[in-house]
Amino acid sequence: MKAVAILLCAATFTLVTPTAAEDMLRIAIPQRGTWDTSISEIGQKAGIFKKHGLNLDLLFTGAGAEVIGGIIGGSIDLSIASGISTVLGAYGNGAPLRIFSSEMAGQPEIYWFVPADSPIKTLADMNGKTIGYSAAGSSSHAALLALLAQEKINAKPTALGGVTASITAGMSGQVDAAWSAMPYGLKDYKKARSALSPGPPTSKSCRAAPCASTLRAPARSRRRRIRSSATMAGYKEAIDYMYSSPEALKMYAEIGGVPLSIAQKMQTLVPKDSTNPNQIVGMDSVMAEAVATKFLAAPLTKAQVSELVQMKNPPKP
């Protein structure tokens, strides 16, 4: 979720250039190597999007909040895993954005941790302490603000950057608690059982509602609408592939740089239903949370929600 200020952020991209000449789709993806952000990359490697006439130009960024400016400017076609509170806030301030699909309902992959020797044992111990998130306006930022508000904890949210930088900051004591996303940290936690201590869960309002979305600019041409349909078809097929194919798990282990044994756990750790792109539910609670955490000045009207969420299935309150 992101405030409109992030429209001015500059993104640092890692580029994966496609080799074929199908219809090109430029997609920005934050936090490469997490399960949900690997759907497009695995679908590309497996040739799924090619079957739908698409070739993906994947740009990997540090946080979804970095790329909204690229969506508006036209240098990026889609942004995967854009925090929905930031999208709401940016749209509420006049940004020409559209939610193309849900990307993740709840946040089963995100967690917070402390070193094994930390005196912090529970979230209640975090009063007055520093606790990390990736970047201002990211889904980890909005989730953390909502969690602290829900539990009435007066901690000090601190931007740490991507997963690798966050784990380093947490284990070296630069912050009292840091954020991470599975599968990162699981290997160390399994080896030492106390090397990383998983911390607080996500907020109650984020457990079923969409916390990240797939974002694009308004589709004003027929060709762009047709391409959007092809993208959705390929994306859903890639999800099915990831939850059914042993080869997909091998690809994921390579992408995430984790042992196959950990990659195999992700199908259970991140339920397939949470990646369902077809439906956004809980919009009222999402907007209330966005207002409470100051991403959005006031709830959007029904007409605004209808314009923002461009999906076959309309969002549910």
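A contact means heavy atoms within 4.5 Å. The legends below use that rule. This is a predicted model, in which local features need pLDDT of at least 70, side-chain atom pairs count only at pLDDT 80 or more, and totals for chains, interfaces and linings use all residues. Residues are numbered from 1 along each chain as its sequence is written, and side-chain values use heavy atoms, with hydrogens and water left out.

**View 1. Met 126 and the largest nonpolar core.**
Met 126 touches Ile 120, Ile 131, Ile 153, Asn 154, Ala 155, Asp 176 and Ala 177, leaving aside residues up to four places away in sequence. Met 126 is one of the residues with the most contacts inside the largest nonpolar core, alongside Ile 27, Trp 35, Trp 112 and Ile 131. That core has 63 residues. Apart from it lies another core, of 28 residues, including Ala 217, Val 286, Met 287 and Val 309. A nonpolar core is a set of buried Ala, Val, Leu, Ile, Met, Phe, Trp, Tyr and Cys residues joined through side-chain atoms within 4.5 Å. Buried means under 20% relative accessible area, exposed means over 50%, and partly exposed lies in between (1.4 Å probe, protein chains only). In soluble globular proteins, nonpolar side chains tend to be buried together.

**View 2. The whole chain.**
The protein has 13 helices and eleven strands. Helices (H or I, at least four residues) and strands (E, at least two) are DSSP runs, numbered from the N terminus. Of the 317 residues, 54% count as buried. The protein exposes about 13500 Å², and carbon and sulfur atoms supply 54% of that area. Accessible areas come from the Shrake-Rupley method with a 1.4 Å probe; for residues, only the protein chains shown count as cover. Among contacts with a separation of 6 or more, 82% join residues 24 or more positions apart.

**View 3. Confidence along the chain.**
pLDDT is the predictor's confidence in each residue, from 0 to 100. Its mean over the protein is 80, and 79% of residues reach 70 or more. Where pLDDT is low, the predicted coordinates should not be read in detail.

**View 4. Helix α4, an enclosed helix.**
Helix α4 spans residues 84-92. Eight of its nine residues are buried, so the helix is largely enclosed by the rest of the structure. The buried residues are Ile 84, Ser 85, Thr 86, Val 87, Leu 88, Gly 89, Ala 90 and Tyr 91. Just after α4, Gly 94 takes a positive phi of about 100°.

**View 5. Helix α12, buried along one face.**
In helix α12 (residues 283-292), Met 283, Val 286, Met 287, Glu 289 and Ala 290 are buried. Seen down the axis of α12, these residues fall within an arc of 160°, so they line one face of the helix. The arc is that of the directions from the helix axis to the C-beta atoms. Lys 294 follows α12 and has a positive phi, near 70°.

**View 6**
A salt bridge is a side-chain nitrogen of Lys or Arg within 4 Å of a carboxyl oxygen of Asp or Glu. By this rule the count comes to six. Side chains of opposite charge can pair when their charged atoms come close. Glu 41 meets Arg 32 at 2.4 Å, N to O. Glu 41 is buried, at 4% relative accessibility, whereas Arg 32 is partly exposed, at 37%. Lys 51 meets Glu 237, at 2.4 Å, N to O. This pair links distant parts of the chain: Lys 51 is in helix α2 and Glu 237 in helix α8 (residues 222-242), 186 residues apart. Lys 51 is exposed, at 59% relative accessible area; Glu 237 is partly exposed, at 26%.

The side chains of Lys 250 and Glu 247 meet at 3.3 Å, N to O. The two are three residues apart in helix α9 (residues 246-256), so about one helical turn separates them. Lys 250 is partly exposed, at 45% relative accessible area. Glu 247 is partly exposed, at 40%.

**View 6. Lys 50 on helix α2.**
Lys 50 lies in helix α2 (residues 48-51). Lys 50 is exposed, with a relative accessible area of 53%. Lys 50 and Asp 23 are 27 residues apart in sequence and 9.0 Å apart in space, C-alpha to C-alpha.
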